[in-house]
Amino acid sequence: MEAESSTPLFTVGHDIATFLVSCGILPKAWEESCLANNSESYSVNEYEGVAYVAFPSFHNIEGFMVKGNKYGEGNIQAHDNNFFSGCVNGNGDQPALVHQGALNLFLHIMENTDFQAKMQVYTDSKQRKLKPIIFVGHSLGGAVATLATLWLLEKRLRQSSPFCITFGCPLVGDVTLVEAVGRENWAGNFLHLVSQHDIVPRMLLAPFESIAEPLIAILPYWQGIIAHNSKDEPDYFIQDACRTLLNNVLQYTLTLGNYELDSVRKLDEAIKTSPYRPFGTYMFCSSEGAACIENSEIVLKMLHLTMQSHEKPYDNMVQDCLSEHIGYASVMKHVIEKSISGERIAKPDSESSYKMGMSLQLEAIGVGVQNEDAPIALEIARGIENNHSRNVAKVAIELSEKQCIMAELEWYKERCEKEAGITYYDSFKKHEDINANLGRENLARFWDEIIEMWERHELPHDFQSQNKWINAGTAYRKLVEPLDIAYYYRMSKGKSNYLSNGRPHRYKVIQKWMEAKEKTRSSRGQRPRTKPASLTEDSCFWAYVEEASEDLENLKQDRHQKLESLEMFEGYVTKMIGRRNISSDVFLEGSSFMKWWKEWKNYKQNQISGWSSPLYKIMESEI
């Protein structure tokens, strides 16, 4: 029998969920969420050395109701707020989208209360002994807790890494936010509890315009039940509103559920679906137990399947939707009781421990083993993850093999400098070194393959944020792109522009990976360089030199529109030197840069008597 791969995502999710509920943190978080309903904006309570920051479930309902975009989505930096920066942008630097109603509730607290000052007290090590912070919230309060956690994570406080626990929370952000959370390694800071028939975590999969009216009726009903701790049965008006809400949401969860996990992106391209996607760990709860799932696309699938698996009459489903959203205390009690009883209905005759674990997990979240879609979805997800693992192992082995080629190119660079007294860029531009060219082409094929696999989603979703691949890609880009630039200008003979017409796609992608990671590194604080870089930081430096040389020739022919670009290039070089981001070989006598500098200096001195500039002073005194 084929060896089984361990996939904790599917086989131990049930055990993780049972542990979390049993350890007492989740019941305490629910208690604090309920107590927060007595406050206007938020509450803070300390318990056993932990600060619980909770937000009311249904405060400012009207603020959540937004008009405009079909799904109520908008830029996370909307209303000119400065609480979120580029760290929550996607991998392509596009801004994340969040539900504007949830953002309104968060901004109201940030701008009209002492919340920021209170958090400063808990995160400033100079003011007091620090305590762990757990943001908690139920329903709309969960959405606020999610945004508050993102806000504090973005502040990059070394001494503070908040955790977020939500109950029945609506989805908050789009796939861009999911990318940012994955890139920044924040997913482990979020835990979302979802009851089997709670409609709120699924409601934003439907257009907001289709759910706004029933929500306006139902939210005050839930608010009254929690505020007065009553058990009043919903009247016909509330039940009818819930039917409308349920029908509209099921219509759209069914659309998503009918697509396989690897086809959701294709669905987005085919029709306009909800932009919202889950992130963090989701604990799906039912009367049979609970299980944790982390993969965003699997969570999306399960949000559908757990709603569709109701075997009771439709009216009972309406009742469950109304009761389960405000009944998470009972939900967690059932999970604990089920774990104590040890009852299991998973197939006892399964030959595979993996399949047994999968059956237990499906049972726990309320999706019976008779449901054909759920096992298929998990098998597909398992296959995708196994393929990801195999692909990563494959390219990791190839990467180690390519290090020999990188070393050979470094020797080529050093040989050019020491033996010929010329930069390897200028040497390769004048005449092709056969071995260096073979290495350049070999590495190009390797990185092109990696980029193609990544763009086809054949690598893990956080591949581009892993230090190993960012560092390897950046080292490759700094060392080899100058050779590609030299080859380009040797072949084009200066008749084309590398930056606009010739730069390979692989370099653009690898640079974006590095820049995205730099947002994290720079915000945490980096020490400035004390020595010049061994490789020039900007791998396009020589392309800028080539364009500056051409601009200078045009300027000599009285094409004065090139003057501004030349002065900008001079400023760019000045900053690079100041930051020690230019390698020493750039200043070798006879390099393309030094030739440009001498001609530029002569031109400026002929134009302006006594001309000087910051770069002139540097070049005259230090170089």
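**Close-up views of a predicted model**

**View 1. Phe279 lies in the loop between helix 12 (264-270) and strand 8 (281-286).** Helices (H or I, at least four residues) and strands (E, at least two) are DSSP runs, numbered from the N terminus. The model is a predicted one, in which local features need pLDDT of at least 70 and side-chain atom pairs count only at pLDDT 80 or more, while totals for chains, interfaces and linings use all residues. Residues are numbered from 1 along each chain as its sequence is written, and side-chain values use heavy atoms, with hydrogens and water left out. Because its relative accessibility is 6%, Phe279 counts as buried (under 20% relative accessible area, with a 1.4 Å probe and protein chains only). Leaving aside neighbours within four places in sequence, Phe279 is in contact (heavy atoms within 4.5 Å) with Thr146, Leu150, Leu177, Val178, Val181, Phe190 and His192.

**View 2. Strand 1 (residues 43-47) and strand 2 (residues 50-55) pair in the antiparallel sense over five bridges.** Two strands pair if DSSP finds at least two bridges between them. Asn45 has Tyr52 in strand 2 as its bridge partner. The two strands form a hairpin with two residues between them, and Glu48 in the turn has a positive phi of about 50°.

**View 3. Helix 24 (residues 563-578) and helix 25 (residues 592-607) pack at an angle of about 125°, with their axes 13 Å apart.** Axes are lines fitted to C-alpha atoms, for helices over the stretch in contact, and angles run from 0 to 180 degrees between N-to-C directions. Among the residues that meet are Leu563 and Phe569 in helix 24 and Trp596 and Trp600 in helix 25.

Notes:
Buried < 20%, exposed > 50% of the residue type's maximum accessible area, 1.4 Å probe, protein only.
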